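The structure is shown below.

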Amino acid sequence: MTDLLCIDDLQTFIFDRDPPVKAVHGASLKILSGELFALVGESGCGKTMLALSIARLLPPQARIIGGSIHFQGRDLTRLSDEQIRRLRGGRIAYLFQDPMTSLNPVMTVEEQLLEAIHLHRSLAGKPARDLGCELLSRVQIPLPSRRLRQYPHQLSGGMCQRVMLAMALAGNPALLIADEPTTALDVTTQAEILELLKDLCHRFGIGILLITHHLSAVGIHADRIGVMYAGHIVEISGREEFYRSPSHPYAQALLACIPKIAAGKQAFRSIPGSVPDLRFTPAGCPFHPRCPEVIERCRGEEPQLKPVGSSRSAEAPGLASFSRNHWVSCWQRERAETE
């Protein structure tokens, strides 16, 4: 695996009020080719704004004010609008949450899919239609030539999401950003879509950033997991290590909220408090007002994301060796390791 996307100390603020909303505040992570990287956290933690920053699809009031986003060696924050347009939809594809609002209801699947193929592959006529059938087959849509003639309302929600995925693949992407792509789907279809994403990722070497609240599902499909809170990445870990021994108290709290079927009848757990207003993020560790393990240093000094274990350093994860697979930003964990 090779480095595909490297985000270092990214800061994206929304200037629609005073003080501005610090939607992404010093986030760092790395995604490899052929890797499915899941980004989790409560609503309002900045996951979607981080994804929109990568694709440069920010609302007018939002700006990237610091940090870097290196994609295949190019810093996306320094590209012109024209340069980023050539990448977006092509080498960087985006799969949105609700397929029924992303597809045009008065155009057939063929018209919409072939438009993407013509734009990114410069194909038309029979070659474009043949590629369209191939892409529909690739996302496991049966009878692709028949589906091309249909309209979105004639397809199920899961089938529409597969069409959207085929359109994303039309540009031959190296990176696919999937922002909660299973939210509007039933449980069985959710599992099928996630399994399809994993298969495409590993079979074609596509790097995938999957934004989701579905912690149980990412435990099966993700290669690595990042936890985001209040605009910060607070933990990055391999899948097995994350579920076996999460280090950050917030990650532990999220996992504790997953219902345990084997436990029988039980009350649903929740994390006390709520995500802070991102205009007024508390000093120090942003999670400290809700943290059951808070120490005095957490209230006044912000921890940095560092590798877990004896090799801890100030090295940023976006620039680090992939062999350091587990990162956390927590004073309590750092103190425990040094004692």
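## Strand β3 and its partners

Strand β3 pairs with strand β9 (residues 224–229) in the parallel sense, over four bridges. In that pairing V40 stands opposite V227 of β9. The model is predicted.

β3 also pairs with strand β8 (residues 207–211), again in the parallel sense and over four bridges. There, L209 in β8 is the bridge partner of F37.

## Burial of β3

β3 spans residues 36–40 and is mostly covered, with five of its five residues buried. L36, A38 and V40 point one way from the strand, F37 and L39 point the other way, and all are buried.

## The open antiparallel sheet

Four strands form an open sheet with antiparallel pairing, in the order β2-β1-β4-β5. β2 (21–32) and β5 (74–75) stand at the edges; each has a single partner strand, so one side of each is left without a neighbour in the sheet.

For β5, the pairing is with strand β4 (residues 62–71), antiparallel and over two bridges. H70 stands opposite D75 in β5.

## Helix α1 on the sheet

Helix α1 packs on this sheet, where it touches β1 (3–14), β2 and β4. The direction of α1 makes about 115° with that of β1.

α1 covers residues 47–55 and is mostly covered, eight of its nine residues being buried. Among the buried residues are K47, M49, L50 and A51; L52, S53, I54 and A55 are buried too. R56 follows the helix and has a positive phi, near 55°.

Definitions and conventions: Residues numbered from 1 in each chain as written. Predicted model: local features only at pLDDT ≥ 70, side-chain atom pairs only at ≥ 80, totals over all residues. Heavy atoms only, no water. Buried < 20%, exposed > 50% of the residue type's maximum accessible area, 1.4 Å probe, protein only. Pairing = 2+ DSSP bridges. Contact = heavy atoms within 4.5 Å. Axes fitted to C-alpha atoms, helices over the stretch in contact; angles between N-to-C directions.
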